[in-house]
Amino acid sequence: QVQLVESGGGLVQPGGSLRLSCVASGSILSINTMGWYRQAPGKQRELVARITSGGSTNYADSVKGRFTISRDNAKNTMYLQMNSLKPEDTAVYYCNADLIMRLYGHYPDAWGQGTLVTVSS
């Protein structure tokens, strides 16, 4: 059994910052790529940023230069530092992970429950 739990969302003014965290727990042997996705009201879920186990990253064009993804492999934790937030960043942010489980093997598409980020004055 695996669980991804996001935290750190909330209400912030335009130009402000938030830091999201995602902790993976369960019988995890290792974690490959992790990613942050978001879904705004009435829109499809979209990739925000991804990070490999080796630390390689890629970002959506809309967040480049403002958001930074990172991870702590020892803690099975991923972060998203969000700076210079804009109203269009308002969405539910989801954590995604490609896992290798001790008992069940490859679990390629694990999701968290999401955390709401609202950017508004």
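Predicted model: local features only at pLDDT ≥ 70, side-chain atom pairs only at ≥ 80, totals over all residues.
**Close-up 1. S120 and the residues around it.** Residues are numbered from 1 along each chain as its sequence is written, and side-chain values use heavy atoms, with hydrogens and water left out. S120 itself sits in the segment after β11 (115–119); helices (H or I, at least four residues) and strands (E, at least two) are DSSP runs, numbered from the N terminus. With a relative accessible area of 36%, S120 is partly exposed; for these labels, buried means under 20% relative accessible area, exposed over 50%, and partly exposed in between (1.4 Å probe, protein chains only). Go 32 residues along the chain and you have E88, whose C-alpha atom is 9.4 Å from that of S120.

**Close-up 2. The open sheet β1-β3-β8-β7.** Four strands make up this open sheet, in the order β1-β3-β8-β7, with antiparallel pairing; two strands pair if DSSP finds at least two bridges between them. The edges belong to β1 (2–7) and β7 (67–72), each with a single partner strand, so one side of each has no neighbour in the sheet. On average, neighbouring strands here are turned by 15° against each other, direction ignored; axes are lines fitted to C-alpha atoms, for helices over the stretch in contact, and angles run from 0 to 180 degrees between N-to-C directions.

**Close-up 3. Where β3 meets β8.** How many bridges join strand β3 to strand β8? Six, linking residues 18–26 of β3 to residues 77–82 of β8, and the two strands run antiparallel. Look for R19, which stands opposite Q81 in β8. S21 is also a β3 residue, and at 16% relative accessibility S21 counts as buried. Leaving out its neighbours within four places in sequence, S21 is in contact with V5, E6, S7, W36, M78 and Y79.

**Close-up 4. The disulfide between C22 and C95.** There's one disulfide in the structure, a disulfide being a pair of cysteine sulfur atoms within 2.5 Å. C22 and C95 form it, with their sulfur atoms 1.9 Å apart. C22 lies in strand β3 and C95 in strand β9 (residues 91–101), so the pair ties together parts that are 73 residues apart in sequence. Left-handed or right-handed? The torsion about the S-S bond of C22 and C95 is about -65°, so this disulfide is left-handed.

Close-up 5. Most residues other than glycine have a negative phi. N76 isn't a glycine, yet its phi is positive, at about 50°. You'll find N76 in the loop between β7 and β8, partly exposed at 24% relative accessibility. S84, another residue other than glycine, has a positive phi near 50°. The loop between β8 and β9 holds S84, and with a relative accessible area of 41%, S84 is partly exposed.

Methods. Contact = heavy atoms within 4.5 Å.
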